[in-house]
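Trainee: I have a new model open and would like to learn how to read it. Could you walk me through a few features?

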Amino acid sequence: MKFFEDSSSQALKIHCELLLSLSQFFAKGGEKLPHTLSPLLKSCLAVDNHFKPDQLYLSNEVLANYSQANGEEYLLMLYEFNRLFVGPRAPVAPPYESVHLNTDHLVMGEQTLTVRKLYRRENLQAVWQRHEPDDFIATELEFAAYLLSRIIEAQTVRNNAKVQLYKTLYDEFWDHHLGLWLETFAQLVAQSAKHPVFSALSSILSTLSKLHPSNTKEANYETFAPQISRRSSCCCLQPNPIQL
């Protein structure tokens, strides 16, 4: 079963929790893996039970094994997280939309400003806007979860107009932003990962992509393209103090 075939409140909540747990995994960084692996496992188990995706079972086993790892193992995971997504050298798998969709493969491209405008349409902004591009994967995942939460709220009060509005906004965001590069990013992580947890992560991201496939063409990313290093920071959304 795919997400777009089941828009019940239960399915939406399960999907929303997966988006949020992945967002926190990236936002809190390698130092917080002892705290973010268990919630990720919990949300993946719920997805597995409800949607029955083909490739998630083994990933859940890996997360279960490593969510109770010792300090030395978590240190190895920290190093791998930073190598893949942070630095200090150029990250192997840059977690930014513009790097994957811009022809020059650099951050702060037109995609960054476009998603910022989408956040502002909902009176939201990235907490660390001056330090982290708005198209950072954690922020995009959280925004997708936010849109699903608005659908759930509207369903609860039977406001069909708002349900349709936020379904349209969600589809727009997925088809023109997150869905365009998520599978490309997942494959890049799969090709580059040297630790089982991050191989499992790539499978989870790929499963998420397949739960709500985009109708538009996937991005192409050259692994030798210019990249940047980013500081590790918690990036999420908050109300925008500027009313537009």
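**Rings and a helix face**

Mentor: Gladly! Keep in mind that this model is predicted. Start with the cluster that ring pairs build from F25, F26, F81, F85, W181, F185 and F198.

Trainee: How many aromatic pairs does the structure hold?

Mentor: There are 15 aromatic pairs. One of them joins F26 and F185, with 5.9 Å centre to centre and 55° between the planes, a tilted pair. F26 belongs to helix α1 (residues 9-28) and F185 to helix α8 (residues 160-192), so this pair ties together parts that are 159 residues apart in sequence.

Trainee: Are F26 and F185 buried or exposed?

Mentor: F26 is buried, at a relative accessible area of 0%, and F185 is buried as well, also at 0%.

Trainee: Why is the pair of Y119 and F143 called edge-to-face?

Mentor: Planes over 60 degrees apart count as edge-to-face. The planes of Y119 and F143 stand at 65°, with ring centres 4.9 Å apart, so the pair gets that name. Y119 sits in helix α6 (residues 110-121) and F143 in helix α7 (residues 137-156), so parts 24 residues apart in sequence are tied together. Both Y119 and F143 are buried.

Trainee: Now a helix: which residues of α3 are buried?

Mentor: In helix α3 (residues 56-66), they are L56, S59, N60 and L63. These cover an arc of only 100° around the axis, which means they lie on the same side of α3. That buried set packs against α2 (33-51) and α9 (196-211).

Trainee: And which exposed residues does the face turned away from the buried side carry?

Mentor: On that face of α3 you will find Y57, L58 and N65.

Terms used:
Residues are numbered from 1 along each chain as its sequence is written. This is a predicted model: local features need pLDDT of at least 70, side-chain atom pairs count only at pLDDT 80 or more; totals for chains, interfaces and linings use all residues. Side-chain values use heavy atoms; hydrogens and water are left out. Rings of Phe, Tyr and Trp (its six-membered ring) pair if their centres lie within 6.5 Å; planes under 30 degrees apart count as stacked, over 60 as edge-to-face and the rest as tilted. Helices (H or I, at least four residues) and strands (E, at least two) are DSSP runs, numbered from the N terminus. Buried means under 20% relative accessible area, exposed over 50%, partly exposed in between (1.4 Å probe, protein chains only). The arc is that of the directions from the helix axis to the C-beta atoms. Contact means heavy atoms within 4.5 Å.
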